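Good morning, everyone, and thank you for making the time.

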Amino acid sequence: MVRPAVFFDRDGTLMEEVHYCSDPSTVRLYPGVPEALARLQAAGFLNIIITNQSGIGRGIITPEQYEAVHAELLRQIGPPGLVTATYYCPDHPSVPSTRRKPAPGMVLEAAQDHSIDLSRSWFVGDKAADIACGKAAGTRTILVQTGYGQQETASTPDFLAKDVVAAVEIILENWDANR
């Protein structure tokens with residue numbers, strides 16, 4: 001069965017932006033995120049996190065620190081299974097990569113792994129790289145005005161939203177389940 005998904009950036013989108021977040025105690029989920037993800041799941045969407053983690057490639061954080069932060073994020077989100085999968089790219093920005101956003105590699109990998117119909121899917125993020133990634137993968141895009149989104153002027157998303165909760169409203173209002 002081919003299903004739609006919503007791809008989410010992590011830092012500045014689902015949780016407050018913390019420069020190279022390495023400490024689980026600094027993870028602060030934005031209000032309403034668990035409920036918003038639950039609404040999407042109930043509507044038939046897969047929720048997938050797509051995140052660049054260049055702090056690993058830069059030697060600023062370890063893979064273990066990334067995993068600890070991610071585990072805390074998932075704990076705060078709530079019920080297991082609300083997030084279908086997470087894909088992260090540890091590459092340094094100077095390393096050519098097909099996975100590092102804005103390249104669509106992680107989204108394409110997720111689409112293959114989970115039988116996702118990208119034409120019925122969405123990408124939600126706070127940076128131009130998120131919007132470019134979603135567009136390159138063939139999804140609709142929403143720029144949230146959290147994290148770096150308030151200053152973002154270099155992208156042309158399909159929609160703008162105050163936060164993830166508002167983005168989910170846009171998705172549910174503009175989605176045709178029969179498409």
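Let me start with a definition: a residue is called buried under 20% relative accessible area, exposed over 50%, and partly exposed in between, with a 1.4 Å probe and protein chains only. Helices (H or I, at least four residues) and strands (E, at least two) are DSSP runs, numbered from the N terminus. What you see is a predicted model, in which local features need pLDDT of at least 70 and side-chain atom pairs count only at pLDDT 80 or more, while totals for chains, interfaces and linings use all residues. Residues are numbered from 1 along each chain as its sequence is written, and side-chain values use heavy atoms, with hydrogens and water left out.

With that in hand, look at strand 2, where L46, I48, I50 and N52 point one way and N47, I49 and T51 the other, all of them buried. Seven of the seven residues of this strand are buried, so strand 2 is largely enclosed by the rest of the structure.

Strand 2 is joined to strand 1 by four bridges, with V6 opposite N47, and to strand 3 by five, with N52 opposite C89.

Turning to the charged pairs, a search of the whole structure finds seven salt bridges, each defined as a side-chain nitrogen of Lys or Arg within 4 Å of a carboxyl oxygen of Asp or Glu. One of them joins D9 and K101, at 2.8 Å from N to O. Because D9 lies in the loop between strand 1 and helix 1, and K101 in the loop between strand 3 and helix 4, this pair ties together parts that are 92 residues apart in sequence. Both partners are buried, D9 with a relative accessible area of 6% and K101 with one of 5%.

Another salt bridge is formed by R39 and E169, whose closest N and O atoms are 2.2 Å apart. R39 lies in helix 1 and E169 in helix 6 (residues 164-173), so parts 130 residues apart in sequence are tied together here. R39 is partly exposed at 39%, and E169 is partly exposed at 30%.

Methods. Two strands pair if DSSP finds at least two bridges between them.
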